[in-house]
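Subject: Structure handover

Hello,

Please find the structure below, followed by notes on what was found in it. Keep it open while you read.

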Amino acid sequence: MYSNSLIELDRAHLIHPVASYRGHEAQGVRVLASAKGATVTDAYGRQLIDGFAGLWCVNAGYGHESIVEAATRQMRELPYATAYFGLGSEPAIRLAAELAERAPGDLNHIYFTLGGSDAVDSTIRFIRYYWIARGKPRRDQFISLEQGYHGSSTVGAGLTALPNFHAGFGIPFDWQHKIPSPYPYRNPAGDDPKWIIAASLAALRAKVEAIGADRVAAFYVEPIQGSGGVIVPPKGWLKAMRDLCRELDILFVADEVITGFGRTGPLFACSEEDIVPDFMTTAKGLTSGYVPMGAVFMADHVYQTIAEGAGASAVGHGYTYSAHPVSAAVALEVLKLYEGGLLENGVKAGARLMAGLEAMRDHPLVGDVRGRGMLAAIELVTDKTARTPLPAETQPARRIFDRAWENGLVIRAFANGVLGYAPPLCCTDADIDAILEKTAKTLDQTLEDPDVR
Ligand code: PMP
């Protein structure tokens with residue numbers, strides 16, 4: 001059968017990201033064949049509701065003809081234009097202008113990449129250029145959060161705090177430091193926002209002091225930590241951290257690769273928190289996953305400093321596909337769709353999703369429910385009072401993911417027993433209800449599973 005031969009070809013030739021190769025060979029690939037709205041269909045014709053928008057990226061949902069038309073038109077007219085040698089293309093220039101207009105504050109300069117990892121990597125280079133231009137080349141130390149995720153490039157993965165991205169690479173490098181995550185459900189300071197914020201501020205101050213105040217270049221945060229398990233800091237946390245960085249003269253980077261483009265409600269989570277970072281990194285929802293693209297937003301003062309510092313010489317950083325015209329044409333169309341009703345629908349659907357998940361708090365396995373907009377999680381525990389995580393040895397994540405799949409639902413099951421939700425913003429009430437109903441069924445089945453409890 002069509003699908004079985006694909007499974008053999010996949011096993012023989014396709015290397016999957018962040019996978020146990022032997023585990024994947026044993027399990028075999030699940031081939032997705034088509035999709036529409038928030039529903040994906042596999043190669044056997046089975047329909048599933050996509051509660052994770054691919055990999056938190058298909059924010060607009062599947063099957064928008066206008067996006068296909070925008071890409072086709074651009075491929076026909078000009079499929080590629082380099083942005084090297086002072087060249088450019090209309091969609092890339094227009095997209096930069098549209099994004100700058102909507103970005104918080106003075107984030108007026110945009111550098112296009114292929115995705116999130118190279119967006120983060122680009123900021124590392126730009127930040128070094130910035131401090132060299134300011135005559136402070138020793139400002140070369142970077143701080144990020146535990147449970148943080150900032151991509152999988154060889155250098156940027158050192159800002160990521162997931163141990164399986166580090167082993168064998170000598171990362172984090174000695175110039176990459178971490179402070180604890182605000183993680184309200186498991187914060188030693190308790191779950192009072194006041195104490196969580198105070199603890200994070202104290203941790204950042206202490207880390208800067210330990211490294212040396214004149215050595216720290218930048219601090220990286222996700223407004224909501226995604227891959228660490230959808231960790232939502234309390235309101236006011238982001239602003240407090242941003243203000244401290246300003247006081248300490250440290251650049252503040254908001255990694256909005258997941259939170260950007262309507263995931264939490266507005267186009268950018270930073271706007272909602274009323275902060276203006278020095279850099280913002282985005283990808284995923286920028287093109288809604290239809291084609292690859294990322295964007296680094298750079299504040300005026302940073303751009304001017306780098307430009308002055310470099311003078312007549314070239315700032316050495318670029319990719320063949322920086323500012324790709326087809327990706328830009330897609331992003332322009334996706335932006336229209338967001339503002340033509342998708343953002344609004346996402347807010348409505350997000351409220352329904354959160355209310356439905358909140359109603360599951362009484363389930364014996366549910367320790368915590370958290371989220372904002374169309375980004376949510378429930379954290380499963382075996383003992384609610386002690387907040388005991390599921391036993392990692394029995395690979396609960398794999399088992400829960402498989403069970404949800406059998407029930408016709410795609411979710412993210414994190415190794416620590418957190419279930420992540422990031423559905424497309426186009427979800428109807430019926431889509432959200434299906435996600436909730438299939439989640440409830442999966443939880444009840446998990447409760448009966450002796451290897452998970
Ligand atoms: N930063 C954050 C916050 C992310 O969530 C991700 C991807 N999940 C990245 C960076 C890396 O993006 P990509 O996978 O597109 O390289």
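D42 has 15 C-beta neighbours inside 10 Å, so D42 counts as partly exposed. The scale behind that word is as follows: a residue is buried if 20 or more other C-beta atoms lie within 10 Å of its own, exposed if 12 or fewer, and partly exposed in between, with C-beta atoms placed from the backbone.

Two remarks on the source. The model is predicted, and local features need pLDDT of at least 70, side-chain atom pairs count only at pLDDT 80 or more, while totals for chains, interfaces and linings use all residues. Residues are numbered from 1 along each chain as its sequence is written.

Back to D42, which sits in strand 2 (residues 39–42). Strands (E, at least two residues) and helices (H or I, at least four) are DSSP runs, numbered from the N terminus. Leaving out residues up to four places away in sequence, D42 touches R30, V31, L32 and A33. Contact here means that the C-beta atoms of two residues, placed from the backbone, lie within 7 Å. Between the C-alpha atoms of D42 and A397 there are 21 Å, and 355 residues along the chain.

Y44 lies in the loop between strand 2 and strand 3 (47–50). Is Y44 buried or exposed? Y44 counts as exposed, because it has 11 C-beta neighbours inside 10 Å.

Next, the helix pairs. Axes are lines fitted to C-alpha atoms, for helices over the stretch in contact, and angles run from 0 to 180 degrees between N-to-C directions. Angles under 35 degrees count as roughly parallel, over 145 as roughly antiparallel, 65 to 115 as roughly perpendicular and the rest as oblique.

Helix 5 (residues 90–102) packs against helix 11 (residues 325–358) at about 40°, and the axes are 8 Å apart. Helix 5 is therefore oblique to helix 11. On the helix 5 side the contact is made by P91, A92, R94, L95 and E98, and on the helix 11 side by P325, A328, A329, A331, L332 and L335. This contact of helix 5 with helix 11 has nine nonpolar, no polar and two charged residues. In this classing, Ala, Val, Leu, Ile, Met, Phe, Trp, Tyr, Cys and Pro count as nonpolar, Asp, Glu, Lys and Arg as charged, and the others, Gly among them, as polar.

Helix 6 (residues 116–133) and helix 10 (residues 300–310) pack at an angle of about 65°, with axes 8 Å apart. The two, helix 6 and helix 10, are therefore roughly perpendicular to each other. F126, Y129, Y130, I132 and A133 of helix 6 meet V302, T305, I306, E308 and G309 of helix 10. By class, these residues of helix 6 and helix 10 are seven nonpolar, two polar and one charged.

Last, the ligand. Which residues come nearest to the ligand? Of the 14 residues around the ligand, they are G115, G116, S117, G151 and V257. A residue counts as near if its C-beta atom, placed from the backbone, lies within 6 Å of the molecule or strand in question. Helix 6 supplies the largest share of this shell, three residues. The shell around the ligand holds five nonpolar, seven polar and two charged residues.

Regards
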